[in-house]
Amino acid sequence: MADWVELFNRKGGSIEGTPYSARWMNPDLPTLCPWKVDAPLGEGTRLVASRNPYYWKVDPEGSQLPYLDRVEFTIIADPEVMLLRASNGEIDMHARHFTEPRNKPVLARNREKGGYRFFDTVPASMNNLMIALNLTHPDPVKRQIFQNKDFRIGLSYAINREELIQAVFQGQGEPWQAAPRRESDYYLEELAKQYTEFDLDLANRHLDQAGFAERDGEGRRLGPDGKPIEFTIEVASGISTQWIDGLELIRGYWREVGVVMRVKTEDRALFYTRKEANQPDGTVWGGDGGLNDALLDPRWYFPFSNESNYAIPWARWYNRQKPNMEPPPATRRQMELYDEVKANPDEEERHELFMEILRIAQQEFYAIGTVLPAAGYGIVKNNFHNVPKSMPNAYVYPNPGPTNPEQYFVSES
């Protein structure tokens, strides 16, 4: 270990450069959770946890919880392998990674053989595929290009979202930007629908207005340094094949208007390390904050946290972390408004303050959205009980935790 801080984090805090908590990697860490870790993450192909004898909950009849004596997670990097194992009935319950629209027909055909059923997940996500160009890029030329709003608008108009929906998302969803869903109290149609038309004339017009009208012999637009505009979008592997498939289509759309984009997949831990270091040209992630959870996690509406992938150094400035970069005036105004939101006890006033934040987000257009997600699903074995037929699917929920997994149980048949 480099120092006591790293040792402390690995024993009891968050693991820097990864999305993981030490609770999954340190079996000696005391816990009030239903299960305690026996075989930790990172030491083999499974994470195994057993009943915590000191768990503090009982069921309505007074029986000690949890019902399950043992919980086992198999570490699988490939979603296709997950799909195969699920189809064979080898997974008791899951609702991520392989549970994409395109895989539902396969899973439906194998329900009887695999002995499982579906449950619904109601998405809090407002976007299947958010593209975050790095507005705080360390390269001044790329920073100048990406910060040009007309450049981002032009790229947005160049995306054929209807084709994307049919080809990648099984015909489900609708064109959508980074904006709360219709079900949210914070729905703002002007934000959700701006620049979502597929219009190559408008795309080219905005890219020209951005100052990149000149092209080379191969039709590539030239940047302020006289070189072709080329950049790489990084994708964390093992999360969603739709991100990769979608980006491949978008790569072709953008080439049509003279912009060269490459796709680079990488391990999730490396992805986090690079974005924390402000290294990527751009990244892809899902659109968190689509329901009323937008108030709690407004990452896509202004630089709020280290998940605001389009401007993490601006978010660090807001959170008084270093290294950082001071954001522009409109962004600072959003931060002031959010501080007012947190301090205001009046619900109506909080609502209006947050709507003002969204109206500024509409003007700034930080990141490029694509498709509003349709309802999702998970699978659960027929002998696995007390799993609700429907549950919210949200990072801040976070499912299935609030559905009381300590009361899940397995029957003989």
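Predicted model: local features only at pLDDT ≥ 70, side-chain atom pairs only at ≥ 80, totals over all residues.
Two strands are taken as paired if DSSP finds at least two bridges between them.

Strand E1 (residues 35-39) and strand E2 (residues 46-51) are joined by 4 bridges in the antiparallel sense. Within this pairing, Trp-35 has Arg-51 of E2 as its bridge partner. The hairpin of E1 and E2 has 6 residues between the strands, and Gly-42 takes a positive phi near 100° there. E2 and E3 also run antiparallel, with 5 bridges between them. Leu-47 stands opposite Phe-73 in E3.

Two packed helices are described by the angle between their axes and the distance between the axes. For helix H7 (residues 161-168) and helix H10 (residues 241-256), the angle is about 145° and the axes are 10 Å apart. The crossing of H7 and H10 is right-handed. On the H7 side, the contact involves Glu-163, Leu-164, Ala-167 and Val-168; these meet Gln-242, Asp-245, Gly-246, Leu-249, Ile-250 and Tyr-253 in H10. By class, the contact of H7 with H10 consists of 6 nonpolar, 2 polar and 2 charged residues.

Ser-156 belongs to helix H6 (residues 149-157). With a relative accessible area of 0%, Ser-156 is buried. When residues up to four places away in sequence are not counted, Ser-156 touches Arg-161, Gln-177, Tyr-195, Glu-197, Phe-365 and Ile-368. One of these contacts, Phe-365, is located in the loop between helix H14 (347-364) and strand E11 (371-372). Phe-365 is itself buried, at a relative accessible area of 3%. Phi of Phe-365 is positive, near 50°, although the residue is not a glycine.

Gln-170, which is not a glycine, likewise has a positive phi, of about 55°. This residue lies in the loop between H7 and strand E7 (174-175). Gln-170 is partly exposed because its relative accessible area, 37%, falls between the 20% and 50% limits. Most residues other than glycine have a negative phi, and most peptide bonds are trans. Cis peptide bonds occur between Lys-322 and Pro-323, with omega about 0°, and from Asn-399 to Pro-400, with omega near 0°. Pro-323 is found in the loop between H12 and H13, while Pro-400 is in the loop between strand E14 (390-393) and strand E15 (409-410).

A search of the whole structure gives 25 aromatic pairs. In the pair of Phe-302 and Phe-304, the ring centres are 6.0 Å apart and the planes are at 75°, so the arrangement is edge-to-face. Phe-302 is buried at 0% relative accessibility; Phe-304 has a relative accessible area of 19% and is also buried, because the limit is under 20%. The rings of Phe-302 and Tyr-338 have centres 5.3 Å apart and planes at 50°, so this pair is tilted. Phe-302 lies in the loop between strand E10 (282-285) and helix H12 (312-318), and Tyr-338 in helix H13 (residues 329-343), so the pair ties together parts 36 residues apart in sequence. Both Phe-302 and Tyr-338 are buried. One aromatic cluster is formed by Phe-146, Phe-151, Phe-212, Phe-231 and Trp-254.

Notes. Residues numbered from 1 in each chain as written. Heavy atoms only, no water. Helix = DSSP H or I, 4+ residues; strand = E, 2+ residues; numbered from the N terminus. Axes fitted to C-alpha atoms, helices over the stretch in contact; angles between N-to-C directions. Left-handed = near helix turned anticlockwise from the far one by under 90°. Contact = heavy atoms within 4.5 Å. Nonpolar A, V, L, I, M, F, W, Y, C, P; charged D, E, K, R; others polar. Buried < 20%, exposed > 50% of the residue type's maximum accessible area, 1.4 Å probe, protein only. Phe/Tyr/Trp six-rings, centres within 6.5 Å; stacked < 30°, edge-to-face > 60°.
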